[in-house]
Amino acid sequence: MTTKRPPSGDPRQQEALCGLLEEVDAVLVAFDGTICDLFGPAPTAHIAEEIKAMAREEWGVLDQVVEDCDDSHGILLALRDMYKRRSPVPLSHMPLDLAHRIVTRHEYAAVATAEAAPDLEPLLDALTALCKRLVVVSNNAEGPVCEYLEREQLQSKFVDVCGRDPHEPGHMKPHPDSLLRALKCLEGLAPSGALMIGDQLTDLEAAQKAGVRFLGYTHDAARMREMRQGGADWVVASHAPVFTAARTLLAATPRAASTSS
């Protein structure tokens, strides 16, 4: 079940969004689901199965939690946890490195056909015009994200891309690592000076751990409700109202007024 998109002219919503944007200097944007739809509705179980087959060849019998995992990012965490649980009996680190490479290969393939989220480019243009610095914070590998941004000619709009740590899958959101790296690349910007836009509850949790404000973006009614109950500053079902709020702020700036006169 999905929610209807709220009207971009909703006064209460516009006031809240204008307030959020006005109070921050940077916007951290999740990638898959917020910038584009990477894998679409297709499950990623086939990626997990490819990784499990590889890991069995090196490690033999896998822990049941690994065998039960059918998610491309979850399998990275499951393998990492198995590796740590078996630390008294040394396991080769190779499957962890190969698993990251396998997921990354599939991400490269997916970005070739990924479709941008509706109203994304106008929103990025408006945020850039407001002098908001933009950084991608993602559980996807940096290479595929950069390739997508370059293909869509969006790379110039972002200061940096903070993707998955290839050496520590435990740093994926909800861990705040990518957000903290983003703040560091923004010349040590204080967390209070940044807003994150994300589509997952793990994005919300990561933002809260990093001390960054959070704007939820989801079409799913249940997730929207969970985000609100979980402490999101606001939740939208479309980029359109955020774009409208940014344009409202832009029109009110002295620079915009002097340019139009």
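Leaving aside neighbours within four places in sequence, I35 is in contact (heavy atoms within 4.5 Å) with V29, A30, A116, A117, L120, V136, Y148 and F158. The model is predicted, so local features need pLDDT of at least 70 and side-chain atom pairs count only at pLDDT 80 or more, while totals for chains, interfaces and linings use all residues. Residues are numbered from 1 along each chain as its sequence is written, and side-chain values use heavy atoms, without hydrogens and water.

I35 belongs to the largest nonpolar core, which has 40 residues. A nonpolar core is a set of buried Ala, Val, Leu, Ile, Met, Phe, Trp, Tyr and Cys residues joined through side-chain atoms within 4.5 Å. Buried means under 20% relative accessible area, exposed over 50%, and partly exposed in between (1.4 Å probe, protein chains only). F31, I35, F158 and L215 have the most contacts inside this core. A second, separate core has 24 residues, including L28, V135, L183 and F214.

S72 lies in the loop between α3 (64-68) and α4 (74-85). Helices are DSSP runs of H or I with at least four residues, numbered from the N terminus. S72 counts as buried because its relative accessibility is 5%. Residues up to four places away in sequence aside, S72 touches T44, I47 and V103.

Two packed helices are described by the angle between their axes and the distance between the axes. Axes are lines fitted to C-alpha atoms over the stretch in contact, and angles run from 0 to 180 degrees between N-to-C directions. The axes of α2 (residues 45-59) and α5 (residues 94-111) come within 10 Å and cross at roughly 155°. The two helices are therefore roughly antiparallel (over 145 degrees; under 35 is roughly parallel, 65 to 115 roughly perpendicular, the rest oblique). Their crossing is right-handed (the near helix is turned clockwise from the far one by less than a right angle; anticlockwise is left-handed). By class, the contact has 12 nonpolar, two polar and three charged residues. Ala, Val, Leu, Ile, Met, Phe, Trp, Tyr, Cys and Pro count as nonpolar, Asp, Glu, Lys and Arg as charged, and the others, Gly among them, as polar.

Helices α6 (residues 120-129) and α11 (residues 240-252) pack at about 30°, with axes 9 Å apart. They are therefore roughly parallel. Their crossing is left-handed. P122, L123, A126, L127 and A129 of α6 meet V242, F243, A246, R247 and L250 of α11. Nine of these residues are nonpolar, none is polar and one is charged.
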